[in-house]
Each structure stands twice: as structure tokens, then as C-alpha cells.
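Please work through the following exercises with the sequence and the model at hand. Each task is followed by a solution in steps.

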Amino acid sequence: MSKQKFLIVTCLVCLLALTGYGVQYAAESQKKKAPAAKPVAEQKKAAGIDATAKLSDTHPAIEEGITCNDCHEVKIDAKTTATQAWLYGDYMKWKAKEGIMPKDKVWEQIVKILGGKKQKRTFVLATSLNNKPLTTTIDCSLDPDKKVIYAFSERGTGKLDQMRVNPHVSLNWHKEFTDFQSTLCVQVSGKAELFDGTTKEFDEGLSVYYFEYGAEAQKIPAEKMMMMMKKGMIMTRITIDQITFTDNSLFGSEFRNRQRWTRN
Ligand code: HEC
């Protein structure tokens, strides 16, 4: 090997060693920066965060597969979002806090839109399991007094499995859009409980749910339909936490077209 070649090789080896050390050093200091996750009991309690919150460099380490809302309550409407402005803020001709319906009137309007006992609407139901949302179609009847929604499903469907593990649900009913004058949509959030045909809750549900529709369609007596449902179906009772609607037929009235009802 010539003297020149020897020099070049030596330099390369030194350079490689230095780079290696550099990488290792960077990894070490990275480790120091991000402290290992402490046992949950030792951790400071995580406060509520805004949906747009970002992680800081000093944030406690987060294991893979864990999401922000496993530790924090994520507040979607913590700031002046569009929805907040439409409902309560300065919006179109409305000054903040004007045009808001009294709570009982909001509920009355909801019943007018969704119907009450022995009427039904076909909703889209959103459930979520392991952070994977699923939407399904579901026929429901509203109990306007208890402010709960009843639905009946075949045993063993995916939505039942999801709600058994995570009872938090959201539902949507809307009229297909044709024009802005008649826009009508309803967004519900609540908590689901499941009951089988041996429970008194199942009977309560049957007294509200428009199951007679199914009996008529199949041309069988309502009694027989009821027995079939008790045997083969699971009832879902959704206790409503909040309903928000857009009803553009309210344009020109003393109220905003968007209103919200929240259970106390
Ligand atoms: C394993 C539980 C856990 C998870 C998961 C988690 N956090 Fe935190 N977070 C905490 C705790 C505990 C604190 C309080 C730390 C402190 O004050 O020392 C905190 C504090 C914060 C803070 C306040 C300032 C700061 O950064 O230290 C923000 C903002 C924050 N988290 C955002 C998020 C976001 C965004 C996510 C999801 C990407 C998330 N967190 C996921 C536990 C968690």
C-alpha cells in the first residue's frame, strides 16, 4: 500500500469512528430528553387539553398504541370553534347569546323532527372500538319523556360487540340535501346499554319502538313479532347526552337555525 493510500484509509476509519460516536451520543442525549413513562400512579394528573394541542419536548413519554384521550379529556369545543359561533356567538344577524331557544323549546323541536313513541327514524350510528370507528344503519324510536332512544338488532352484529366494550356512541339523522332552505340534520351523542328479551327494559323499549312496522311488513301478528324479537334480538337503549340540530326552516324566525340540547 502506498503512503498516500494508507493515509486516505486511516482518515476514513477515523471519520467512521467519529460518526459512530456522534450517532451514539445523539441517541444517549435523546434518551435523557424523553424520560421513560412513569407508572400511572406516579404521574401528574393530565389536565383537559384542546383538540389542537401539540406535544412539548418535555411531555411524558407515550407508549405506542396509546392516544391523547387515554390520559387527557380532549375538549373539542374549548375554543370558539365554528359550531360554538353558530350556536351562541356573533353569527349572521345574531349578536352573541341572541336567538338561542329556551331548553324546553329545543326539546320540542327535536321531537318534532325525530318523532316520538311508535314513530321511527333511520339513523347512522357511529361506534368505536380500539380507536377504529364503525358506522352502521339503525332504526330507532325516541322516547320523548325519558329522552332515550331505542333500537333492536339481530344478535351477534358488529355494532353490538363494539357498544358492549365502548358504550359511547354518536348518531346522525338527516334529510338528503336538496337546497339550503330545507336543510335539516340532527347529531346525537349518548351512552348505550344492551338488554336481552328477559329484561323489563326490553318490554319498555317495545312499548316505544315502532316494531309493529316489521309485523305489518311480514304480514304476521304483532304478538308473534314480539315473541320473535324477544328470542332473537338485543335491544339498545341510548341515553342521550346531547343533541345538536340544524333546521333551516327556522330562518326568519326569532331563533337561530342551529340549536343544542344538553342533559344536565
Ligand atoms: C400516558 C398519558 C398521556 C398521554 C397518552 C398523553 N399525555 Fe399529555 N400529559 C400527560 C401528563 C401526565 C401531563 C402533565 C405533565 C406535567 O405537568 O408534568 C401532560 C401534559 C400535557 C400538556 C401540557 C404541557 C406539556 O406538554 O407538558 C399538553 C399540551 C399535552 N399533554 C398534550 C398531549 C397530546 C396532544 C397528547 C396526544 C398526542 C398527549 N398529551 C398524550 C399525560 C399524557
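This is a predicted model: local features need pLDDT of at least 70, side-chain atom pairs count only at pLDDT 80 or more; totals for chains, interfaces and linings use all residues.

**Exercise 1. The chain as a whole**

Task: Determine how many helices and strands the protein chain has, and what share of its residues is buried.

Solution. 
1. The secondary structure of the protein chain consists of 7 helices and 9 strands.
2. The chain has 264 residues, of which 31% count as buried.
3. Among contacts with a separation of 6 or more, 67% are between residues 24 or more positions apart.

**Exercise 2. The iron site**

Task: Identify the protein donors of the iron atom of the ligand, and state the geometry of its site.

Solution. 
1. His59 and His72 each supply NE2 as a donor, 1.9 to 2.0 Å from the iron atom of the ligand.
2. The iron atom has 6 donor atoms, with angles of 87 to 179 degrees among them, and the site is octahedral.
3. His59 and His72 are 13 residues apart, and both lie in the loop between strand S1 (49–50) and strand S2 (74–75).
4. Buried means under 20% relative accessible area. His72, at 18%, is therefore buried, whereas His59, at 25%, counts as partly exposed.

**Exercise 3. Aromatic pairs**

Task: Classify the ring pair of Trp86 and Tyr91 and the ring pair of Phe152 and Phe202.

Solution. 
1. The structure holds 6 aromatic pairs, including the two named in the task.
2. Planes over 60 degrees apart count as edge-to-face, and those under 30 degrees as stacked.
3. The ring planes of Trp86 and Tyr91 stand at 55 degrees, with centres 6.3 Å apart, so this pair is tilted.
4. For Phe152 and Phe202 the planes stand at 80 degrees and the centres are 5.1 Å apart, so this pair is edge-to-face.
5. This second pair links distant parts of the chain: Phe152 belongs to strand S5 (residues 148–154) and Phe202 to helix H5 (residues 200–208), 50 residues apart.
6. Both Phe152 and Phe202 are buried, and together with Tyr209 they form one aromatic cluster.

**Exercise 4. Charges over rings**

Task: Find which residue lies over the face of Trp86 and which lies over the face of Trp107.

Solution. 
1. Arg258 lies over the face of Trp86, 3.8 Å from the ring centre.
2. Trp86 has a relative accessible area of 30% and is therefore partly exposed.
3. Over the face of Trp107 lies Lys147, at 4.9 Å from the ring centre.

Key
Residues are numbered from 1 along each chain as its sequence is written. Side-chain values use heavy atoms; hydrogens and water are left out. Donors are N, O and S atoms within 2.8 Å of the metal (3.2 Å for Na, K and Ca); water is not among the atoms, so sites may look incomplete. Four donors count as tetrahedral if all angles lie between 85 and 135 degrees; four count as square planar and six as octahedral if opposite donors are over 155 degrees apart and all others between 65 and 115; anything else is irregular. Helices (H or I, at least four residues) and strands (E, at least two) are DSSP runs, numbered from the N terminus. Buried means under 20% relative accessible area, exposed over 50%, partly exposed in between (1.4 Å probe, protein chains only). Rings of Phe, Tyr and Trp (its six-membered ring) pair if their centres lie within 6.5 Å; planes under 30 degrees apart count as stacked, over 60 as edge-to-face and the rest as tilted. A charge sits over a ring if NZ of Lys or CZ of Arg is within 6 Å of the ring centre and within 35 degrees of the ring normal. Contact means heavy atoms within 4.5 Å.
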